[in-house]
Amino acid sequence: MAVLVVAEHDNKTVKKATLNTVAAAQKLGGEIHVLVAGHQAGEAAKAASGISGVSKILVADAPHLGDFLAENVAALLVQLAKGYSHVLAPATSNGKNVMPRAAALLDVQQISDISAVESADTFVRPIYAGNALATVKSKDPIKLITVRTTAFDAVAASGGSAPIESISAPADSGLSAFVSREVSKSERPELTAAKIIVSGGRGMASGENFKKVLEPLADKLGAAMGASRAAVDAGFVPNDWQVGQTGKIVAPDLYVAVGISGAIQHLAGMKDSRVIVAINKDEEAPIFQVADFGVVGDLFQLVPSLVEELKK
Amino acid sequence: MKVLVAIKRVIDFNVKVRVKADGSGVETANVKMSMNPFDEIAVEEAVRLKEAGAATEIVVVSCGAQACQETLRTALAIGADRAILVETATELQPLAVAKLLQKLVEKEQPKLVILGKQAIDDDANQTGQMLAALLGWPQATFASKLKMEGEKAQVTREVDGGLETLSIKLPAVVTTDLRLNEPRYVTLPNIMKAKKKALETLKPEGLGVDVTPRLATIKVVEPSKRKSGMKVADVKALVDKLRNDAKVI
């Protein structure tokens with residue numbers, strides 16, 4: 001039986017999360033098909049056909065799929081799922097929104113946020129904010145799964161040449177309608193795809209300081225910028241910067257935590273980073289327990305001098 | 001408009017969980033339990049709808065052990081009007097909970113169901129979406145703003161790229177994100193009042209729902225610990241380490 005991967009895309013490009021999800025699918029064995037559900041998504045479908053290790057691209061192209069409304073995408077998945085042993089989506093906000101809806105319609109208990117594949121029916125997933133790892137075995141005939149993208153190394157985005165097949169989608173449910181989107185504009189790398197992340201916490205004291213103090217460091221390192229829940233709750237930065245149990249899960253090569261104390265729920269979002277640096281004035285802060293390199297001191301002095309030092 | 005809110009009793013978010021030595025799960029004996037933080041936001045939102053005149057009655061539901069009564073009493077103290085406990089000793093997984101809630105929704109006929117987006121124990125993030133699916137209702141997950149507009153609701157959602165606003169037809173299911181509201185502290189007079197509010201107890205069998213788990217937990221282990229790092233004296237030493245030891249810049 002084949003495995004279906006639900007692509008994360010914006011109708012133009014395929015997001016890296018798709019490549020991690022294909023990597024997870026490869027561990028299950030069998031052919032891999034990728035579903036691109038969207039509107040005027042030809043470019044995204046073409047990009048998907050290049051993904052290494054994929055044997056077919058299914059494209060469902062319709063106006064009512066363009067904004068990825070859960071009701072419409074889930075109905076499409078239900079129509080397709082019967083032909084597959086597994087349906088996988090990345091645990092992105094889209095994947096988390098759509099997959100459980102499809103699972104319930106199929107009478108399947110979804111397996112959320114897997115971090116390892118033990119066999120075709122047994123998976124490892126973090127629970128309690130990553131403070132425990134559960135190995136679970138599914139008894140359902142079709143497995144619906146969301147994938148923790150940081151746990152699987154992305155497959156190559158190019159090299160493949162999978163054929164593209166058009167499929168039809170169920171009609172618009174009419175239950176919900178897209179109104180508007182406020183996308184945070186940034187020239188920086190995307191948080192979940194970045195090699196280096198510079199994050200700020202409550203210690204930054206204001207949104208202004210993220211700009212004045214932290215941005216030069218992120219610029220110097222070519223880094224994405226993130227934040228702790230405390231900084232987002234205080235209104236310093238937008239919600240999509242949040243790294244943590246309920247925000248984004250990241251695992252860059254280098255994570256620089258500035259003025260972040262290290263609450264359990266924040267650590268849950270970044271502790272799989274390869275190298276962690278912490279800058280904090282409180283030497284007892286829990287962030288130092290996970291940091292490879294820590295500097296104790298006033299961030300408003302340390303960060304600018306770090307930028308100077310990096311220029312040398 | 002009647003609002004139904006579903007809540008879960010979980011290990012308090014401040015407790016450091018410990019994995020049991022036999023790998024069967026995490027230690028829950030003698031551990032402080034509380035309402036799942038996202039569910040507290042759900043209760044608060046319902047109470048605010050009532051205070052604003054948009055909701056007339058708030059029914060709060062929990063599924064699980066008898067001790068969930070305490071959690072329901074907390075929700076009643078925040079301002080819910082009455083409570084239903086679906087009592088069972090069986091481990092409940094999201095699909096089973098969604099099926100139980102579906103039966104209660106069919107009975108209670110609310111216009112709106114609010115749930116937390118995920119429980120901080122199993123981190124599944126499924127129940128609200130599953131309930132919406134079973135009912136054939138629209139869903140708006142990860143809500144940071146909820147505005148009632150007659151027979152529709154306008155919901156702003158926290159998504160990966162920023163914020164997204166949807167218009168959904170009622171009846172509907174909404175799941176809460178962190179910034180929807182800040183739940184109030186319960187006051188002693190309200191705790192006293194909550195004791196007098198109605199709390200009904202039902203059983204899954206009575207609702208005709210098979211709650212047998214579909215996922216078997218084989219084992220639960222602690223994640224491997226990061227080996228502890230070092231403190232360096234200054235940024236010069238830090239840059240040296242990053243360049244020459246870790247080789248990440």
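**Exercises on a predicted two-chain model**

The buried residues of helix α4(A) are Ser93(A), Asn94(A), Gly95(A), Lys96(A), Asn97(A), Val98(A), Met99(A), Pro100(A), Arg101(A), Ala102(A), Ala103(A) and Ala104(A). The model used in these exercises is predicted.

**Exercise 1.** Determine how far helix α4 of chain A is enclosed by the rest of the structure.

*Solution.* Step 1: A residue counts as buried if 20 or more other C-beta atoms lie within 10 Å of its own. Step 2: Helix α4 of chain A covers residues 93-105, and twelve of its 13 residues are buried. Step 3: The helix is therefore largely enclosed by the rest of the structure. Step 4: After α4(A) comes Asp107(A), which has a positive phi near 60 degrees.

**Exercise 2.** Describe how helices α5 and α9 of chain A pack.

*Solution.* Step 1: Two packed helices are described by the angle between their axes and the distance between the axes. Step 2: For α5 (residues 207-221) and α9 (residues 299-311) of chain A, the angle is about 25 degrees and the axes are 9 Å apart. Step 3: Angles under 35 degrees count as roughly parallel, so α5(A) is roughly parallel to α9(A). Step 4: The crossing of α5(A) past α9(A) is left-handed. Step 5: On α5(A), the contact involves Val213(A), Leu214(A), Pro216(A), Leu217(A) and Lys220(A); on α9(A), the residues include Phe300(A), Val303(A) and Leu310(A). Step 6: Classified by type, the residues of this contact are ten nonpolar, no polar and one charged.

**Exercise 3.** State how many residues of each chain take part in the contact between chains A and B, and trace the sheet to which both chains contribute.

*Solution.* Step 1: In the contact, 70 residues of chain A meet 65 residues of chain B. Step 2: On the side of chain A that touches chain B, 34 residues are nonpolar, 19 polar and 17 charged. Step 3: Strand β11 (residues 176-183) of chain A pairs with strand β9 (residues 162-169) of chain B in the antiparallel sense, over seven bridges. Within this pairing, Phe178(A) has Leu166(B) as its bridge partner. Step 4: β9(B) is also joined by eight bridges to the antiparallel strand β8 (residues 152-159) of chain B, where Arg157(B) stands opposite Glu164(B) of β9(B). Step 5: The open sheet of ten strands, with mixed pairing, has the order β11(A)-β9(B)-β8(B)-β7(B)-β10(B)-β6(B)-β1(B)-β4(B)-β5(B)-β11(B). Step 6: β11 of chain A and β11 (199-202) of chain B are the edge strands, each pairing on one side only. Step 7: On average, neighbouring strands of the sheet are turned by 30 degrees against each other, direction ignored.

Definitions and conventions:
Residues numbered from 1 in each chain as written. Chains lettered and ligands numbered in written order. Predicted model: local features only at pLDDT ≥ 70, side-chain atom pairs only at ≥ 80, totals over all residues. Contact = placed C-beta atoms within 7 Å. Nonpolar A, V, L, I, M, F, W, Y, C, P; charged D, E, K, R; others polar. Pairing = 2+ DSSP bridges. Helix = DSSP H or I, 4+ residues; strand = E, 2+ residues; numbered from the N terminus. Axes fitted to C-alpha atoms, helices over the stretch in contact; angles between N-to-C directions. Parallel < 35°, antiparallel > 145°, perpendicular 65-115°, else oblique. Left-handed = near helix turned anticlockwise from the far one by under 90°.
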